[in-house]
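Trainee: I have a model open and would like to understand the words used for it. Could you go through some of them with me?

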Amino acid sequence: MSYDFSTSAELGKFFPKKYGVRIPVYIGYSEIISKPEYDPLNPDIKMTTIIKNMDQKERDQHLKISQDYLKRKTFNVTNIRINGNSEKKSKKDNKKKNIGEKELEKNKGGRSKGGGTRSSKNKTPWHISNWSTSYGYNETFISNINTEHNILKIHTGAIAYNYNISPRNVKPFTKVKLFRRKPFRIIKDINFYYAPSLIAFRTDLRKSYNDIQLRNINDPTFVLIPTFDKQFTWNRTYDLRYNLTRGLKLTYSANNQSWVDEPEGRIDKDDQNYKTYRNAVIDSLKNFGRTTDFHQKISGTWSIPINKLPLLDWTTANARYDADYYWTQNPIALNPDALPGEDSIIDLGNTIRNNQAFQISTQLNIERLYTKVKYLKNIDNQFKGKKKKKKKKFRDVSFTKENVKLKKDKARSITHNLRVEDVKLKVTDAGGKEVKGKTEIISENKVRFISENDVEDAKIEVTGKREIKENALKIITDYTLYTLMSVRNFSLTYSENNGTVLPGYMRDTKYFGYDESWEAPGWQFLLGLQDPDLVPYAATHDWLTDDTLMTTPVIYTGDQTYDFKATLKPFTGLRIDVTANRRESYNESQLWTGGINEPISTYRTGDFSMSILTINTAFGKFTDSTYQTDVYTQFLNNRYKVAIALANERSIYDHNYIQDLLNNPDSVNDPVNEYPYGYKSTSKDVLTESFLAAYTGQDIGKFGRNPFPTIPMPNWRIKYDGLTYFDVIRKVFKKVIINHGYRSTYRVSSFNIDPEFDEYRIGTSAFSDATDSIFFVPEFQMEGVAIDEKFIPLIGIDVRWNNDMSTKLEYKQARALILSFANNQILETSSKEYVVGFGYKIPDLNIPMTIQGNQKLFKSDLNIRVDFTYRDMMTVIRRINEEDNQLSAGNNNISIKVNADYNLDKVTFRIFYDRIMNKPRVSTAYKTTNTHIGFSLRFNLSNI
């Protein structure tokens with residue numbers, strides 16, 4: 001049997017509307033009673049048989065404890081507010097709209113236009129509409145054959161304050177005439193806000209009490225000890241948002257989690273110890289509970305007004321700073337070995353940590369810069385888009401000759417040198433009368449005239465229009481300038497993340513993260529700044545625990561990232577996106593204890609990655625029999641050169657170093673003696689530089705002795721779609737896109753830093769290897785380095801024909817190189833992939849279908865796609881010491897994919913066929929073929 005009753009009501013309706021009171025109330029009550037058919041203690045016997053021989057009292061008692069009983073009570077009052085009469089406000093607002101502008105200005109106190117207004121909801125910080133409160137009570141009672149009672153009571157309460165306004169923006173120099181000029185724009189736009197835009201506070205209390213009494217079903221006379229679970233938490237959150245200016249914005253948020261301590265035992269108002277319990281809880285509440293976690297975050301963003309400086313409006317710059325501070329109470333532990341009278345609590349202090357995130361980015365819109373120079377702007381407009389046929393330009397040219405003697409019917413040649421064939425000839429006599437005759441064009445520089453009469457003193461005028469051809473020097477200049485103008489935008493982003501974790505911190509947190517004395521941990525730590533002297537100072541000023549059980553280290557973390565992006569458009573239709581990046585991170589652990597000014601031990605690790613250029617060696621070929629490559633041979637040859645270079649540098653800084661000493665004096669013929677003293681062919685610093693130089697195609701020394709290069713190399717992606725600008729191509733194709741992409745990354749993962757490394761000794765350490773005392777140990781202990789190179793694709797052509805057919809051709813190439821120092825091996829994986837794809841679209845295909853007896857005609861595009869892929873991959877293990885290459889894995893993969901899709905209103909119907917054939921290169925693997933065929937339905941539920 002079960003029943004459930006619930007109701008909700010708005011009690012604010014009982015108050016006058018002008019107060020705008022909202023009191024939403026929810027009440028719920030439910031019971032579930034489950035009577036078993038079989039006795040729970042004897043599942044094979046029915047209940048009627050068990051209670052048949054019992055008297056009425058025993059029967060009622062047994063039925064009561066056998067049944068499953070659940071009761072719930074709920075009472076919630078959520079978000080109680082007093083908003084005022086919104087309808088009255090609306091009428092006032094409409095009335096204000098009808099007032100003239102002058103009267104409106106008067107009502108606003110003469111505030112200028114655009115000055116901003118206060119929020120219509122929160123007129124003043126102390127207005128009651130800024131406040132809200134909530135209360136909730138939930139109770140659950142459970143009983144069954146195993147549980148006499150399980151009572152859970154939860155009380156929740158909250159008070160919230162939210163003051164959200166739109167403060168007026170003040171511009172003190174906006175009316176100064178001098179600052180209205182463009183050079184003074186940065187001064188004219190100086191502004192500030194006189195008040196924050198958000199002040200918010202919320203406090204939440206949650207008290208739960210769980211009382212569980214189990215039955216002893218084996219011996220009812222022995223009562224089990226009840227268990228109690230009490231949790232009384234108090235959370236407080238704070239939020240502040242203050243826009244100092246339109247470009248400079250600050251936010252502050254904090255969250256304090258506290259625990260209200262309660263004495264042990266049952267909570268019973270009739271108990272004689274209840275008064276002691278109540279006083280203890282009240283005392284804890286007066287102290288705002290016992291803080292267990294505190295987190296505050298300070299953030300600032302700044303749009304740097306560099307674009308308001310003269311001639312720099314084509315640049316933008318932004319900066320962001322985030323500071324996080326955490327205070328966490330460590331778990332309280334009891335000391336089982338404590339003697340009577342000794343403190344049984346082991347206090348290992350608390351844990352504080354901070355995090356600093358800083359980012360600055362700048363973007364140069366160089367394309368906008370070109371528009372500031374008229375000549376460059378004209379060149380840019382000239383080459384943009386499809387070239388139009390230029391109209392020919394002409395200029396008038398003429399030739400005149402006087403005192404010419406003409407004879408009847410006799411031809412007279414005139415050389416005018418105008419370089420124009422289409423000319424007009426005019427002949428006049430001494431009196432200005434036109435002489436009639438016949439004109440013949442001989443060439444662009446010569447004409448012939450046959451006069452009908454004799455003329456003694458004739459005047460001949462030749463006129464024409466000569467085409468103005470563009471100056472070859474100007475054409476060369478324009479193309480050269482446009483090529484130099486190919487860089488369209490440029491962006492650079494630098495981000496840095498640093499953090500410190502300090503365990504064993506013995507101070508509490510009271511005010512904004514400070515302790516009661518406003519001393520620890522210092523404003524620098526609270527603002528996320530990383531101070532290397534903080535931990536020594538804390539250790540010697542009793543901030544840290546001196547308990548020997550504290551073995552948690554202090555942890556420093558850091559991360560630096562550079563990202564570079566640029567877009568180039570050398571000519572119409574060609575776009576080149578260039579990227580470069582560099583990232584370096586570290587993690588340092590230090591074990592400290594109170595009273596000392598230096599760590600007991602230090603351990604530092606890190607990771608590194610950077611874009612690199614390895615295209616010089618990307619197209620080397622394997623030797624069929626040995627899988628040897630020219631670049632690997634170069635790597636082997638580089639080792640001796642690098643070792644000599646390292647030895648020469650060491651001899652400069654260490655005058656006691658003699659590189660001619662034998663590495664193995666007991667065996668003169670040992671190959672290790674070919675290398676200078678302290679170095680061998682598999683020294684980590686020797687292998688690292690040899691590896692970088694060989695696979696980047698550079699000379700040794702290009703990257704220095706540091707395995708972490710400083711300057712990242714560019715990677716790129718190229719797209720060209722300008723072929724369709726030509727009429728010949730456009731007659732056949734709708735679109736032709738040519739793609740090319742290159743990406744190569746150099747990585748060093750999980751390296752350790754020798755804490756005792758002598759920084760004055762370049763490239764090597766003053767400390768020797770424990771396994772062989774004559775070889776120097778480098779500063780960085782690395783597991784290995786890797787290069788990952790991909791052409792995505794090397795060349796790709798995507799064509800869409802005028803008949804709605806599409807064709808795709810791609811060739812991809814990739815290789816991965818891992819140099820392992822654990823076994824002195826190079827693992828090289830290379831792959832080549834060829835893709836041929838065809839597609840065809842049948843537009844507006846009509847397909848009739850019968851759905852639930854009704855005929856329906858669907859009209860949609862049918863898209864058909866066929867892709868063929870051939871992929872060849874192989875992995876070679878190169879053992880450096882043995883100078884041996886072994887094929888360890890590889891396969892030839894052929895993939896055929898066919899699919900067609902058709903849109904049936906809200907459903908996309910797709911049929912597909914996939915077949916993958918895999919042929920391995922090694923004998924330990926088998927040929928495999930996988931075939932998938934089927935259909936799929938994709939339902940689009942949007943806009944339903």
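Trainee: Why is aspartate 559 called buried?

Mentor: Buried means under 20% relative accessible area, exposed over 50%, and partly exposed in between, with a 1.4 Å probe and protein chains only. Aspartate 559 has 12%, so it counts as buried. Keep in mind that this is a predicted model, where local features need pLDDT of at least 70, side-chain atom pairs count only at pLDDT 80 or more, and totals for chains, interfaces and linings use all residues. Residues are numbered from 1 along each chain as its sequence is written, and side-chain values use heavy atoms, leaving out hydrogens and water.

Trainee: Is arginine 583 buried or partly exposed?

Mentor: Partly exposed, because its relative accessibility is 36%.

Trainee: How do you know that arginine 878 and glutamate 828 pair up?

Mentor: Their closest N and O atoms are 2.9 Å apart, which makes a salt bridge. Arginine 878 is in strand β35 (residues 854-879) and glutamate 828 in strand β34 (residues 825-851), so the pair ties together parts 50 residues apart in sequence. Arginine 878, at 0%, is buried, and so is glutamate 828, at 5%.

Conventions
Salt bridge = Lys/Arg side-chain N within 4 Å of Asp/Glu carboxyl O. Helix = DSSP H or I, 4+ residues; strand = E, 2+ residues; numbered from the N terminus.
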